[in-house]
Amino acid sequence: MLMDEVRGEAFLRKLPQDVRDSLTPAQAEAISRVAQGTIQRRHPVDFRISMPLLFGERAYLVFLIGKEKRSTARLQLEKELRPTDRLSQIVVFGLGLAAFTLAAFIALLFHNAVLAP
């Protein structure tokens, strides 16, 4: 079963049982197809990692790169709801760049260690 089909079935399972029981097979199929079409497509770069912290807590990091599909109105609304200052953006960018540089350095060391006689 393709992932879109799985998502369509998952959407149907979220409906109350009495509603699902009242649907005809054609209605259930149509709802599933519409739910499949509403799923956002993957980003070209989609890196997600979950890390354990102290006392059983977990933190996650998501790094996405892709074409901007949000409207100008939505971008403005998100900017108002979650304002960030320029300093925060610079710090986060710097940390990301440092992490990428460190990962590339480790990869080079590992690559050289494996290929070295």
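Phe55 sits in the loop that connects β1 (45–52) and β2 (58–65). In this predicted model, Phe55 has a positive phi of about 60 degrees although it is not a glycine. The mean pLDDT of the protein is 83. The points below cover the hairpin, the nonpolar patch, the salt bridges and the confidence of the model.

**The β1–β2 hairpin**

- Strands β1 and β2 run antiparallel and are joined by 8 bridges.
- The hairpin has 5 residues between its strands, and Phe55 takes its positive phi, near 60 degrees, within this hairpin.
- Phe55 is exposed, with a relative accessible area of 81%; the cut-off for this class is over 50%.
- Pro52 stands opposite Arg58, a residue of β2.

**Nonpolar surface patch**

- A nonpolar patch on the surface is formed by Val45, Phe47, Ile49, Met51, Leu61, Phe63 and Ile65.
- Together these residues have about 600 Å² of accessible area.
- The largest share comes from β1, with 4 residues.
- Val45, one of the patch residues, lies in strand β1.
- With a relative accessible area of 32%, Val45 is partly exposed; patch residues must have over 30%, so Val45 at 32% passes this cut-off.

- The protein has a count of 6 salt bridges.
- One of them joins the side chains of Arg33 and Glu29, with an N to O distance of 3.5 Å.
- Arg33 and Glu29 are 4 residues apart in helix α3 (residues 25–37), which means that about one helical turn separates them.
- Glu29 is partly exposed, at a relative accessible area of 41%.

**Salt bridge between Arg48 and Asp46**

- The side chains of Arg48 and Asp46 form a salt bridge with an N to O distance of 2.6 Å.
- Arg48 counts as exposed, at 54% relative accessibility.
- Asp46 is partly exposed, with a relative accessible area of 25%.

**Salt-bridge network around Glu78 and Arg70**

- Glu78 and Arg70 meet through their side chains in a salt bridge of 2.6 Å, N to O.
- This pair belongs to one network, in which salt bridges that share partners join Glu68, Arg70, Arg74, Glu78 and Arg82.
- Glu78 counts as buried because its relative accessibility is 17%, and the cut-off is under 20%.
- Arg70 is partly exposed, with a relative accessible area of 32%.

**Confidence of the model**

- Of the protein's residues, 90% reach a pLDDT of 70 or more.
- Confidence is lowest in helix α1 (residues 3–14), where the mean is 77.
- Confidence is highest in helix α2 (residues 17–22), where the mean is 90.

How values were computed. Residues are numbered from 1 along each chain as its sequence is written. This is a predicted model: local features need pLDDT of at least 70, side-chain atom pairs count only at pLDDT 80 or more; totals for chains, interfaces and linings use all residues. Side-chain values use heavy atoms; hydrogens and water are left out. pLDDT is the predictor's confidence in each residue, from 0 to 100. Helices (H or I, at least four residues) and strands (E, at least two) are DSSP runs, numbered from the N terminus. A salt bridge is a side-chain nitrogen of Lys or Arg within 4 Å of a carboxyl oxygen of Asp or Glu. Buried means under 20% relative accessible area, exposed over 50%, partly exposed in between (1.4 Å probe, protein chains only). Patches are made of residues with over 30% relative accessible area and no salt bridge: like charges are joined within 9 Å, nonpolar side chains (Val, Leu, Ile, Met, Phe, Trp, Tyr) within 5 Å. Accessible areas come from the Shrake-Rupley method with a 1.4 Å probe; for residues, only the protein chains shown count as cover. Two strands pair if DSSP finds at least two bridges between them.
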